[in-house]
Amino acid sequence: MSKPSTPATSSLPSQTLDTTPPRLRRFACMMYEAVLLFGVVFLASYLFDTLTQSRSGLMYRHGRQAWLFLALGVYFVTCWRRSGQTLPMKTWNIRLVGSGGQPPSMARLVLRYLLAWVLPLAAAGLILGATLWSGWPTMQLLIVAAPFAIFVGSWLDREGQFLHDRLAGTRLASTPSNVTKSVKPAASM
């Protein structure tokens, strides 16, 4: 009789899960994630347009935004729940764990997803306010910097963790490369 499977993080050495990944590695992971999210957003938008028969991106605008917010949430929460990692997190040897190193609960994962939007949306609001205040429409170009507001909390945290991770009771941890990239050798003939 086979043993029940245990979560992947329970077999990792604790000293590697205590290390916070450097900001540069988290930034690279974020850039890779953005490339993959293009596909997720494209497929979710295509499904939305097919189901609603919309012919323009402006039709059902608020419904589309809510749908994409849910689609991104399902993508992230599903990946984090399954292995604690998205594909870019596996590539960059980063794992999402609970504050004690255990796999986070579903409620914590959803809370983390929701809290991750706070700083970027606040930055977008500041950029909009600065644009309206100054009267310079070109200030809206700064919107590309809004997602990087997520790093602000990491410079204030003593362990370098993101603010939304601290509030959600989760954290990002470095994983050894042999754990995330382990491949079983093929059987010889």
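In this model, Arg 64 and Asp 49 form a salt bridge whose closest N and O atoms are 2.7 Å apart. The model is a predicted one, in which local features need pLDDT of at least 70 and side-chain atom pairs count only at pLDDT 80 or more, whereas totals for chains, interfaces and linings use all residues. Residues are numbered from 1 along each chain as its sequence is written, and side-chain values use heavy atoms, with hydrogens and water left out.

**Salt bridges**

A salt bridge is counted when a side-chain nitrogen of Lys or Arg lies within 4 Å of a carboxyl oxygen of Asp or Glu. By this rule there are five salt bridges. Helices (H or I, at least four residues) and strands (E, at least two) are DSSP runs, numbered from the N terminus.

Burial is described by relative accessible area: buried is under 20%, exposed is over 50%, and partly exposed lies in between (1.4 Å probe, protein chains only). Arg 64, with a relative accessible area of 11%, is buried, while Asp 49, at 26%, is partly exposed.

A second salt bridge joins Arg 112 and Asp 165, with the closest N and O atoms 2.4 Å apart. This pair links distant parts of the chain, as Arg 112 is in helix H5 and Asp 165 is in helix H8 (residues 163-168), 53 residues apart. Both Arg 112 and Asp 165 are buried.

Arg 158 also forms a salt bridge, with Glu 159, and here the closest N and O atoms are 4.0 Å apart. Arg 158 is exposed, at 72% relative accessible area, and Glu 159 is partly exposed, at 39%. Through shared partners, salt bridges join Asp 157, Arg 158, Glu 159 and Arg 166 into one network.

| Arg 64 | Asp 49 | 2.7 Å |

**Aromatic rings**

Rings of Phe, Tyr and Trp (its six-membered ring) are paired if their centres lie within 6.5 Å; planes under 30 degrees apart count as stacked, over 60 as edge-to-face and the rest as tilted. The count by this rule is ten aromatic pairs. In one of them, Phe 69 and Tyr 113 have ring centres 5.2 Å apart and planes at 45 degrees, so the pair is tilted. Phe 69 lies in helix H3 (residues 61-83) and Tyr 113 in helix H5 (residues 106-115), 44 residues apart. Phe 69 is partly exposed, with a relative accessible area of 32%, whereas Tyr 113 is buried, at 7%.

Tyr 113 also pairs with Phe 76: their ring centres are 6.3 Å apart and their planes are at 35 degrees, so this pair is tilted. Phe 76 is in helix H3 and lies 37 residues from Tyr 113 in helix H5. Phe 69, Tyr 75, Phe 76, Trp 80, Tyr 113 and Trp 117 form one aromatic cluster.

Charged side chains also meet rings; a charge sits over a ring if NZ of Lys or CZ of Arg is within 6 Å of the ring centre and within 35 degrees of the ring normal. The charged end of Arg 112 is over the ring of Trp 80, 4.6 Å from its centre. Arg 26 lies over the face of Phe 162, at 4.7 Å from the ring centre.

In soluble globular proteins, nonpolar side chains tend to be buried together. A nonpolar core is here a set of buried Ala, Val, Leu, Ile, Met, Phe, Trp, Tyr and Cys residues joined through side-chain atoms within 4.5 Å. The largest such core has 18 residues, and those with the most contacts inside it are Phe 76, Trp 80, Met 89, Leu 96, Tyr 113 and Leu 172. Helix H2 (23-52), H3, strand E1 (94-98) and H5 each supply at least two residues of this core, and H3 gives the most, with six.

Contact means heavy atoms within 4.5 Å. Leaving aside neighbours within four places in sequence, Phe 76 is in contact with Glu 33, Leu 37, Thr 86 and Tyr 113. The buried residues of H3 are covered by elements including H2, helix H4 (87-91), E1 and H5. Just after H3, Gly 84 takes a positive phi of about 80 degrees.
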